Amino acid sequence: MLKPKQMSKVLLTGHKDVLEPTIETLHDLHALHIEEYVGEDYFHIGTPLSGADEGSKKLLKLRSIASFLGIKKPYHKPINARQLSSELEGKLETLGDVVSGKLGRKSQIEADLKDVQTEIHEIEAFSGIPVNLDLCRGYDTLHVFAGTVMKGADVRAGLAGITDEYQFITGNNGIFILTVPVRYRAQVAELLAEYEFGEVKIPTISGTPDDLINELTSRQDSLAKDLESLSSEIDSVKAEYEDFILASEELLSIETQKKETPLVIATSEHTFVIDGWIPDDEFETMRSKVGEATDNRVYATIVEEPVDEANVPIEYDNPKIVKPMEAVMNLYARPKYHEIDPTAFVFIAFPLFYGMILGDIGYGLILLGISLYGRSKLHGEGWNSLFTVLIYCNIVTLIFGILYAEFLGFPLAGLHGHPGLIPGWETITLFTGLGNEHITYPIHRTHLVTTLLVLTLLIGVIHINIGLIAGFRNVLAKHGMKAAVLEKIAWIVLQVGIFLLLFGVMGVVSSMLPGAVVFVLAVAMLVAGEGAVAVIELPSVMTNILSYSRLLAVGLSSIGIATAVNTMSGMAWSSGGIYIVLASVIFILGHALNTALSIIAPGLHALRLQYVEFFTKFYEGGGRIYDPFGYKRIYTEE
Amino acid sequence: MVTELAGVTLEQVVASQAGLAAIGAGLAVGLAGIGSGIAEKDIGSAAVGAFTEKEELFGKGLIMTVIPETIVIFGFVIAIMLIM
């Protein structure tokens, strides 16, 4: 906690004979972050182990089958890896044959279907013309025009001026076929051109258009039926082999990953050197396990040399309950190696701020239900973290909801003669707060604005100063005591100065002098530490603290929306009759909207207080991701 | 106690003062909100552009985007002080 996992740089070296068992052991261990070898001097990059080619070919085949069958990645019961490995070859062969047969048939049917559809489209233009299309071509003395003319054109009337030796047939779709002796061809063409003639090609097929269409349509139907039955066959193959495909894809990926490992390590003619990072507490395990697997023929050692912070891969080191918050950290940046890891702070402050803002039993319960349901339904690390964080947040929301006694914007307890939702529960006045407000239980946020405002600012002061102290520790480790005091402690001194001045103004302290002295001292320290630019930054300490007033403000706006919804639906409800339906609709839609806003608004504002107000005091981030060599099995088990 | 002053009672004066304070508070939050919005829209669009290119920039982009939000918080504080 508070520190990333301590890492050691290690070197493993040995004879190439034992490379394979070494890789095998390291892969199973899933702890060594291998540094890719890029140099080319005495050593050179290794070549893949034997069988790598074959493995990747199988993998390729399997993946193309998986994409043809459309296999997604659901969660399955893991399959035993050893058993799978023994039957993989044969099963993959059968599956390949089955699938390639189906694939061929499918593409054949699809191509046929497409042809039929184009033909239907071509012939459809001629529907209603009772002529065998074969009779429309191949004459020496006759010329056939087929096509359309503009609306309202009377072709027959035009033809009367040329000849009466013609045959004119029109179809259902405005297309006509006009046959004239060849000697009138030029004249008729001219006439038709006047009518904006658009020629349509007569399909080279025999039969009358209507018969052809009937025939083709029935063929289209039978093809579609074939395709349907084929896809149900494919579905049954998919259902049968899904587990096998997912599991063997994983198995082959692991195999390939192992076989290709030499590509990232340094090898000479007879030896290999693996360079990497491993968590301190795993080193001994790794050394003994590798030794066991190779008869102690691999030499493993920790490299004791000063390391550049930027090169160390970062693995969080947090208790299980804090882990989901790492997602919130990753959204910003992973810590650097020598930095404080603030995940634990965020774990406390983020749900606290969220709960303080929302603080409503109704919304808390709804969101808690949604996140519990979501966590059980949606798997994968990202979803899991998201929903777990939401669960934390909404547990705190429930606690604050009880403190505020709010339910979907309704006050549960009565106040000043206004009855609450629970009859008989009256607000108890405890003591007088700021600005003549009465602190009560339950706390009515809308009636305690001044007191709560001051309280939120106090929370801000505490949060920011925790950040400054963490910053002090970070700078101390990096640049020494003098820099740490001048850059971080000075801000704390500045706040003391500001508060003394404020007390002076309010008359709590009799003189302004101590405040002014401390203030000037702090400014001098800051200028010494960060240069004259620090003067520009001075107001930021106030804006940062004031920023925490959102803990109250955003909450009030959420109450505002809820109250508006309740009032509107209440008004509709009391009108009775059909208005009761309207009231329910307003109530449900309004609160659904506010529930959605209740994730976004408090979430973003609580997040922002971490990122902007808190992290800027100490956190840099930007560490490398620790990516240990190995594989997290999902579909198979050893 | 009713003091006549050009036909206006004291209650009316007090009420209209309270009304003006409420209008002032509304203006403080509303105008500050518009100010924040104008500032945030430019930064926000740039930030979205940046982090679609490079996802790691989400945190930094969010910070940059919400910096002007402080303006509306000031407005809110002033509004509360006016109403109290």
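These notebook entries record what I looked up in the predicted model.

**Conventions.** I treated the model as predicted, with local features needing pLDDT of at least 70, side-chain atom pairs counting only at pLDDT 80 or more, and totals for chains, interfaces and linings using all residues. Residues are numbered from 1 along each chain as its sequence is written, while chains are lettered from A and ligands numbered from 1 in the order in which they are written.

**Open sheet in chain A.** I looked up the strand order of an open sheet of 4 strands and found β6-β7-β5-β8 of chain A, with antiparallel pairing. I took helices (H or I, at least four residues) and strands (E, at least two) as DSSP runs numbered from the N terminus, and two strands as paired if DSSP finds at least two bridges between them. Strands β6 (167-170) and β8 (198-199) of chain A are at the edges with a single partner strand each, so one side of each has no neighbour in the sheet. I noted 6 bridges between β5 (residues 142-148) and β7 (residues 176-181) of chain A, which pair in the antiparallel sense. H143(A) has V180(A) in β7(A) as its bridge partner.

**Partners of β10(A).** Which strand pairs with β10 (residues 271-279) of chain A over 9 bridges? I found β1 (residues 7-15) of chain A, in the antiparallel sense, with G14(A) opposite F272(A). Strand β2 (residues 33-34) of chain A also pairs antiparallel with β10(A), over 2 bridges, and I34(A) faces G276(A) there. Strand β9 (residues 266-267) of chain A is joined to β10(A) by 2 bridges, again antiparallel; A266(A) stands opposite V273(A). I recorded β9(A) and β10(A) as a hairpin with 3 residues between them.

**Contact of chains A and B.** I counted residues as in contact if their C-beta atoms, placed from the backbone, lie within 7 Å. The contact takes 16 residues from chain A and 13 residues from chain B. On the side of chain B, the elements giving two or more residues are α2 (58-66) and α3 (69-83) of chain B, and α3(B) supplies the largest share, 6 residues. That side of chain B has 10 nonpolar, 2 polar and 1 charged residues, where Ala, Val, Leu, Ile, Met, Phe, Trp, Tyr, Cys and Pro count as nonpolar, Asp, Glu, Lys and Arg as charged, and the others, Gly among them, as polar.

**Helix α2(B) and its neighbours.** The axes of α18 (residues 579-614) of chain A and α2(B) come within 10 Å and cross at roughly 90 degrees. In this contact R608(A), Y611(A) and V612(A) meet G59(B), L62(B), I63(B) and V66(B). Axes are lines fitted to C-alpha atoms, for helices over the stretch in contact, and angles run from 0 to 180 degrees between N-to-C directions. Residues of α1(B) in this contact include I43(B) and A47(B), and those of α2(B) include F58(B) and M64(B).

**F350(A).** Leaving aside neighbours within four places in sequence, I found F350(A) in contact with V328(A), A606(A), L607(A) and Q610(A).

Methods. Two residues are in contact if their C-beta atoms, placed from the backbone, lie within 7 Å.
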